[in-house]
Amino acid sequence: MKQVRRQLKETLELPTRYAKLYKRAPIKLPSGVMLYGPPGCGKTMLAGAVAAECGLHFISVKGPEILDKYIGGSEQNVRDLFARAAAASPSILFFDEFESIAPRRGADSSGVTDRVVNQLLTFLDGVEDRSEIYVMAASSRPDLIDPALLRPGRLDKPLYCNFPDETERYEIYKSVSNKFEHLDQDVDSCLRDLAKKYSQFTGADIQAIFSSANLATVHDGSSHITSKHLTAAAKATRPSVSPADRAKFLKIFAKFRDEEETKQSGGGGSGGSSGGGAQQKLTKEQQETLLGKLASFGYDIDEVKQGKQRLATA
């Protein structure tokens, strides 16, 4: 998570601090970021925190909020969002649950999301001016997003927010605990134990533990959150991402990263014959059937066999 935070600051803070140098650059520098990772791992919170550190206005919108039942209403909502971001520039326009408004085109029978994707491409490609507007999106299913939005010049900087490890979980515990003033002094050692013992918890789960512990103090009539409250809350909290879902998400993200690396390396071209692929051979019966059809079209079979007569293609 620290590395993701650093890369975000480099993308957002440096162009703002050194605006004159960036304007002299002869190429279009990245200004679109795609945060992807499991649910509850702090993608939205991270984007807001970095925006505050960089001194940028943060405009957050949930994906489904854009969709409208009237024809043209969804596209107008997109235009209004970019106009609002332009009025508050320098700003960050953050789309949460991005896969809900920008799925692969053709997947929606109504065509609403297809038009939304086209409108987003219009702004991301620079057809409409968006100077000092940084576009960020977050998704737990990047494989469902239309690939055109992830190409260079658009949301071309994917950043992976993984499940927190033990050290990161402890830091999340400490960060959340700072919001509560009525904590016992012996809580710190308990937080370390919880970070080590419960490896399945995400940032959202840790916040739920503190909320449950705080509620327990109300029931007990206690004035402080103790280790006992936190331990009991952790035992009663069920991980928001089950082991089966965790394995599924990790598989999806691994495949997505492989595809992105293939694009960046210039490989993975589709169409045509691959260099190492062998052509499938036809059986003798299939060959005779094919030659019979060619003969009915007026081809000289002997010349076709010898390769002297080329087949006409549509």
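**Cysteines and a covered strand**

Counting pairs of cysteine sulfur atoms within 2.5 Å as disulfides, we end up with zero of them here. Keep in mind that this is a predicted model, where local features need pLDDT of at least 70 and side-chain atom pairs count only at pLDDT 80 or more, while totals for chains, interfaces and linings use all residues. Residues are numbered from 1 along each chain as its sequence is written, and side-chain values use heavy atoms, with hydrogens and water left out.

A disulfide is a covalent bond between the sulfur atoms of two cysteines. For C41, the closest cysteine sulfur sits in C161, and at 7.8 Å that is too far for a bond. C41 is also buried, at 6% relative accessible area; buried means under 20%, exposed over 50% and partly exposed in between, using a 1.4 Å probe and protein chains only. C190 is buried too, with a value of 8%.

Now to strand 1, residues 32–36. Strands here are DSSP runs of E with at least two residues, numbered from the N terminus. Five of its five residues are buried, so strand 1 is mostly covered. In a regular strand the side chains alternate between the two faces of the sheet. Here G32, M34 and Y36 point one way, V33 and L35 the other.

What does strand 1 pair with, given that pairing takes at least two DSSP bridges? Strand 4 (residues 133–139) is one partner, parallel and joined over five bridges, with M136 as the bridge partner of V33. Strand 5 (residues 157–160) also runs parallel to strand 1, with four bridges between them, and there V33 stands opposite K157.

Note on methods. Two strands pair if DSSP finds at least two bridges between them.
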